[in-house]
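The following exercises are to be worked through with the sequence and the three-dimensional model at hand. Each task is followed by a solution in steps.

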Amino acid sequence: MVDENTLSAVLSEFARTLITDFPIQGILDHLAERIVDVLAVSAAGVTLIGPGTAPHYVAASDADALDFERLQTELEQGPCVVAYETGEAVSVPDIREESRFPEFTSAAVAAGMRAVFAFPLRHGTGRLGALDLYRDTPGPLDPRDMVAAQTLADVAAAYLLNAQARQEALEVSDRFRASALHDALTGLPNRVLLQERLEHAAQRAHRSHSQAAVLFADIDRFKWVNDTYGHRLGDELLIAVARRLSAVVRPGDTLARVSGDEFVVLCEDLAHVDDVVSLARRVDEAFRPPFELAGLEVEVTVSVGIAYSGPGETVTDQLITHADLAMYEAKRLGGARHRVIEVGGGSSADERNSLDRDLRSARAGGQLSLAYQPIVRTADAAVVGVEALLRWTHPTRGEIPAPTTVSIAEQNGQIEGIGAWVLERACTDRGRWLAEHPDRPLDVSVNVSVRQLMSPGFAASVAGILATTRMDPAALVLELTEGLFIDDGTRAASVLADLRALGLRLALDDFGTGYCSLGYLRRFPVDIIKIDQGFVGDIGSDSGGAIVEAVSNLAHVLGLSVTAEGVETRLQHDTVAGIGCEFAQGFLYGAPAPAADVTALLRDRGTRGSSFVGAGRRTTTVHPGDSSDQAV
């Protein structure tokens, strides 16, 4: 008969597994071993069974019991299988008199087994498998032992579910990490992994006093390819470009796709800038032969910008910004060429600093503007908000990418002034829309850079703008990046609390592209998670929407709402809606457009998202960074 003290001790041991990383196999092994100490049986075994699949895990107290466990699942008959299928305990006091599973009975008797008792591992209305007790003498199991055995089986099932949840979360985390570091279309490293490699390069350069360089390549006339041949062929071109670039970079270089048709090569341990100039020439040569895609020959060229550091001290992420600027200079000169900026030297200081000087007068000169991209409610495709995106139209260079604008503004101290202008302009535009169409209120989302948010008096500045523009705080969403939590978590928590006290909401933008964890989400008062477009773009691949679903579920557990970014197809919309993402934005619903277009939308089309479908495809003018503009 069961010993109550021993049973209590075993249950306590299982309880401790809830706060540990005890693996599934370890739980099963422990159950099989300890149950022999608790009950009057000679051996015990346990098997996890899934519908239509082979057993996931098998454990036993001795070799004979392990054979019995495997035999039942191999034959698909025996007390273990019946208990799993029916959810009821199975008692066989004398196996020699059992006729329901003849093949198993014959083998068991030959091995010396005389009695077996099986108990389902139950969870709600489902089962995970079964616990089997074996005896080498015939006879029934004491009724109290039967109750104790089923109790152990039920408790084990609960702890196994906990262990499975931990394991699945770890697997999702691993997939999430891999996806977060690589471009879904080309498989190349993405901007996040490139940043990690750049940081490592900085450490190595500091130790070895070597140089590094960044080559920034942008396909000329890529928009024309998309407009002429369609996005499917455009994607094929990007894949083909990735292959050609991979073939010409040096061993040890990092080739990354950072956005759209933009590729970056990080080159380390350079003896001289001529090394990377030679690479630029190889890139030029790689684009000379036409690309054969879907039976067509497509000819494109590439503009390349190069920035390289001085020895040792100047390997920073600004290399990418400078290379980007050099690339735009190459495009301004007609494209199909490369330009070089030596970050560590002084020979090109005027060129390097020209945009810095120009930005100082850009706001007064009317060069800055806002574009708005729709945010829809997935349940009915109704437009419920817009995201404000900064635009800088340079008088001679044309459109300057938003990440470049923000980077320069942060460096030269203008980010606070420009950020305040963006917020006030967005609130003012929203007030005008509301006055003209009071029955169609829209939320407005505004990006905030880390440096802007952490500046002294930011919350007071926001409060002043809300008062001046008579903006409803509940209709304002400030979008933040994960870097905020990494840089100064204590200060960030204080600022965010002050902002929440104003009545506005906070969104974590591009979730998954940085280092944010659930711990941050619990600690900081975030209301909305915006899942990065890279994961949404992966919908339809082998992993499907698994990562999007996992992030959405975790966010909902924490009481947060979810916005899926970068939705471009009906499949992606249907998938994120089915997963439970409350909101979505992307080119399926509309490209970023001037405030006047939002006014026209409200006047002519209402707020039904169906009006947007197809209207904002990339056949319209799309500026670099439209789908994921850096915070301003």
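**Exercise 1: A residue in a helix**

Asp-358 has a relative accessible area of 25%, which makes this residue partly exposed. The model under study is a predicted one.

Task: Determine where Asp-358 is placed, and state which residues outside its sequence neighbourhood are in contact with Asp-358.

Solution.
1. Asp-358 belongs to helix 12, which covers residues 349-362.
2. Once neighbours within four places in sequence are left aside, the contacts of Asp-358 are Trp-392 and His-394.
3. The C-alpha atom of Asp-358 is separated by 9.6 Å from that of Pro-395, a residue 37 residues apart along the chain.
4. As for accessibility, 25% lies between the limits of 20% and 50%, and therefore Asp-358 is classed as partly exposed.

**Exercise 2: A residue in a loop**

Task: Locate Thr-378 and decide whether Thr-378 is buried or exposed.

Solution.
1. Thr-378 lies in the loop that runs between strand 13 (368-377) and strand 14 (382-394).
2. Its relative accessibility is 8%. Buried means under 20%, so Thr-378 counts as buried.
3. Apart from neighbours within four places in sequence, Thr-378 is in contact with His-573, Val-576, Ala-577, Cys-581, Glu-582, Phe-583 and Ala-584.
4. One of these contacts, Cys-581, is itself buried, with a relative accessible area of 1%.

**Exercise 3: Two packed helices**

Task: Describe how helix 14 and helix 23 pack, and which residues meet.

Solution.
1. Two packed helices are described by the angle between their axes and the distance between the axes.
2. For helix 14 (residues 415-436) and helix 23 (residues 595-604), the angle is about 20° and the axes are 10 Å apart.
3. Angles under 35 degrees count as roughly parallel, and the two helices are therefore roughly parallel to each other.
4. The crossing of helix 14 past helix 23 is right-handed.
5. From helix 14, Asp-429, Arg-432, Trp-433 and Glu-436 meet Ala-595, Val-598, Thr-599 and Leu-602 of helix 23.
6. The residues of this contact comprise four nonpolar, one polar and three charged.

**Exercise 4: The whole protein**

Task: State how many helices and strands the protein has, and how many disulfides the structure holds.

Solution.
1. The protein has 23 helices and 21 strands.
2. Of its 632 residues, 53% are buried; Cys-427, at 1% relative accessibility, counts as buried.
3. A disulfide is a covalent bond between the sulfur atoms of two cysteines. The structure holds zero disulfides.

How values were computed:
Residues numbered from 1 in each chain as written. Predicted model: local features only at pLDDT ≥ 70, side-chain atom pairs only at ≥ 80, totals over all residues. Heavy atoms only, no water. Helix = DSSP H or I, 4+ residues; strand = E, 2+ residues; numbered from the N terminus. Buried < 20%, exposed > 50% of the residue type's maximum accessible area, 1.4 Å probe, protein only. Contact = heavy atoms within 4.5 Å. Axes fitted to C-alpha atoms, helices over the stretch in contact; angles between N-to-C directions. Parallel < 35°, antiparallel > 145°, perpendicular 65-115°, else oblique. Left-handed = near helix turned anticlockwise from the far one by under 90°. Nonpolar A, V, L, I, M, F, W, Y, C, P; charged D, E, K, R; others polar. Disulfide = S-S within 2.5 Å.
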